[in-house]
Amino acid sequence: MKYMMLINAASADAASQCTVEDWMVYDKQVTEAGILVASESLADLTTATTVRVGPDGDRSITTDGPFAETREVLGGFYVIDVPDLDVALDWAARCPGARGGGSVVVRPIADFGV
């Protein structure tokens, strides 16, 4: 079963809780375990663009990042293919992004049988 792990840092500064080496080790472990489907790190939050569509169908774009005030910053994701949720949660707990007040949200990928 495929699961997406959304990596949320407690704040932009919390990313410093993990070193590049920590991420390299984790990437190697996930790859060598044969469970990696996809992974990406996202660019800085200041590069975000938010799109909203009003009831009239007109698009409005905001280029100054998300509207919501939040303490967490989405930093990246992994998609893994593992037997069940318990295994996915074990991998999420190993993720460097779960440290220092961060969190990893684990969600199953919907299977529409296509």
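Predicted model: local features only at pLDDT ≥ 70, side-chain atom pairs only at ≥ 80, totals over all residues.

User: Ok, and how many bridges join strand 1 to strand 6?
Analyst: There are 6 bridges, and the two strands run antiparallel.

User: What does strand 1 do with strand 5?
Analyst: Strand 1 and strand 5 pair too, in the antiparallel sense, over 8 bridges. One place to look is Met5, whose bridge partner in strand 5 is Tyr78.

User: So what's the order of the strands in the sheet?
Analyst: The order is 2-5-1-6, in an open sheet of 4 strands with antiparallel pairing.

User: Which ones are the edge strands?
Analyst: Strand 2 (36-41) and strand 6 (103-108), each of which pairs on one side only. Going from one strand to the next, the twist averages 20°.

User: Let's stay with strand 2. How many bridges does it have with strand 5?
Analyst: Strand 2 and strand 5 (residues 73-81) share 5 bridges, in the antiparallel sense. If you find Ala38, you'll see Val79 of strand 5 standing opposite.

User: I clicked on Glu40. Where is that, and what does it touch?
Analyst: Glu40 lies in strand 2. Leaving out residues up to four places away in sequence, Glu40 touches Gly76 and Phe77. Glu40 and Phe77 are 37 residues apart along the chain, but 5.7 Å separates their C-alpha atoms.

User: Switching to helices. At what angle do helix 1 and helix 2 pack?
Analyst: About 160°, with their axes 11 Å apart. Helix 1 covers residues 20-32 and helix 2 covers residues 85-94.

User: Why is that pair called roughly antiparallel?
Analyst: Angles over 145 degrees count as roughly antiparallel, and the packing angle here is about 160°. Helix 1 and helix 2 are therefore put in the roughly antiparallel group. As for handedness, helix 1 passes helix 2 in a right-handed crossing.

User: Which residues make the contact?
Analyst: On helix 1, look for Tyr26, Gln29 and Val30; on helix 2, for Trp91, Ala92 and Arg94. Sorted by class, this contact has 4 nonpolar, 1 polar and 1 charged residues.

User: Which strands does helix 1 lie across?
Analyst: Strand 1 (2-9), strand 2 and strand 5. Helix 1 runs at about 20° to strand 5.

Technical notes. Residues numbered from 1 in each chain as written. Heavy atoms only, no water. Axes fitted to C-alpha atoms, helices over the stretch in contact; angles between N-to-C directions. Parallel < 35°, antiparallel > 145°, perpendicular 65-115°, else oblique. Left-handed = near helix turned anticlockwise from the far one by under 90°. Contact = heavy atoms within 4.5 Å. Nonpolar A, V, L, I, M, F, W, Y, C, P; charged D, E, K, R; others polar. Pairing = 2+ DSSP bridges.
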